[in-house]
Amino acid sequence: MRILAVGDIVAPDGREFIYNNLGRIKRKFNIDYCIANGENTAITNGITVDIANTLLQCGVDVITLGNHTFSNKEYEQVLNDIPRVIRPLNLPEETEGMGYFVDDLGFLRIAVINAMGRINMDPIDCPFRGTEKVLKKIDGEADIILIDFHCETTSEKLAYGNYFDGKVTAIFGTHTHVQTADEHILPGGTGYISDLGMTGVRDSILGVKKEVIMNMMYTRKKYRFDKAEGEVWFNGAVFEIDDKTKKVTNIERLYFSEAQLAGKG
Ligand SMILES: [Fe+2]
Ligand SMILES: [Fe+2]
């Protein structure tokens, strides 16, 4: 079983890349199942019903979110009506939708969990205790458990990764929009990468026009976050899982442009 996890898909350019190329990527890397972070897919950030449905039609199996869960006004409809879109489990209890999704493929049951960190992030309930609760709830219901941990610092990601090492199949970080080169299998057998990166315009800062962020940092004033334009790069990772042991045997980090995917670059 080969599972593809895609880092934060940013803005119309990023989602168009996925719409146009995900099929080819899945064939090229023999992908059986795909999870993508969709928290920045709408121009406002967040996600819309139409974008969520289009991503699912294009071959994404589960969409995870993060601190931009509520950034688009359609969030209620998305979370209430599309169970394959999940939001961080440690948001306030009454939040619409779910923090996990269990997908029964018949021959295999895959649980996807979304949690969010607390260091340099908005205040939120404890991701460790929240995840423990969900793991207890789905105990015996899933053969493979995959977690998108949406979080700023690599230290918190590593603490979370090591805390749940051996209890879940794989943990991949999202949110920083910058890919880390630390993919490895933890001692207890859990596949791990601190951050998958971003599928969006590379010549940017977080997918936003560079000038906007530079001006903001230089002047400390607020500016409108106009999205960058330019060449989109795909960021993600493939987790190879042994059919018998259900353990990760290999992690392949992906980082390429459309031209490279087509074999021209
Ligand atoms: Fe985020
Ligand atoms: Fe993001």
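Throughout these views, two strands pair if DSSP finds at least two bridges between them, and helices (H or I, at least four residues) and strands (E, at least two) are DSSP runs, numbered from the N terminus. This is a predicted model, in which local features need pLDDT of at least 70, side-chain atom pairs count only at pLDDT 80 or more, and totals for chains, interfaces and linings use all residues. Residues are numbered from 1 along each chain as its sequence is written, while chains are lettered from A and ligands numbered from 1 in the order in which they are written.

**View 1. Strand β11 with its partners β2 and β12.** Strand β2 (residues 8–9) runs parallel to strand β11 (residues 198–201), and 2 bridges join them. Look for aspartate 8, which sits opposite methionine 198 of β11. With β12, β11 runs antiparallel, again through 2 bridges. Here glycine 200 has tryptophan 233 of β12 as its bridge partner.

View 2. Six strands follow the order β5-β6-β7-β8-β10-β9 in an open sheet of 6 strands with mixed pairing. Since β5 (100–104) and β9 (184–185) each have a single partner strand, they stand at the edges, so one side of each is left without a neighbour in the sheet. β9 pairs with β10 in the antiparallel sense over 2 bridges, and histidine 184 has tyrosine 192 in β10 as its bridge partner.

**View 3. Strand β8, covered on both faces.** A residue counts as buried if 20 or more other C-beta atoms lie within 10 Å of its own, exposed if 12 or fewer, and partly exposed in between, with C-beta atoms placed from the backbone. By that count, 5 of the 5 residues of strand β8 (residues 170–174) are buried, so β8 is largely enclosed by the rest of the structure. In a regular strand the side chains alternate between the two faces of the sheet. For β8, Ala170, Phe172 and Thr174 lie on one side, Ile171 and Gly173 on the other, and all are buried. Strand β7 (residues 144–150) runs parallel to β8 and is joined to it by 5 bridges; histidine 150 stands opposite threonine 174. Strand β10 (residues 191–193) is also parallel to β8, with 3 bridges, and glycine 191 is the bridge partner of alanine 170.

View 4. At 1.5 Å a residue, with the expected span taken as 1.5 Å times one less than the number of residues, the 18 residues of α1 (residues 11–28) should span 26 Å; the end C-alpha atoms are 25 Å apart, which agrees. Among the buried residues of α1 are Phe17, Ile18 and Leu22. What covers the buried residues includes β2, β3 (33–37), α2 (49–57), β11, β12 and α7 (258–261). Just after α1, asparagine 30 takes a positive phi of about 50°.

**View 5. Lysine 247 in its loop.** Where does lysine 247 lie? Lysine 247 is in the loop between β12 (232–241) and β13 (248–257). Lysine 247 is partly exposed, because 17 other C-beta atoms lie within 10 Å. Glycine 189 is 58 residues away in sequence, yet 6.5 Å away in space, C-alpha to C-alpha. Leaving aside neighbours within four places in sequence, lysine 247 is in contact (C-beta atoms, placed from the backbone, within 7 Å) with Gly189, Ile241 and Asp242.

Notes. Contact = placed C-beta atoms within 7 Å.
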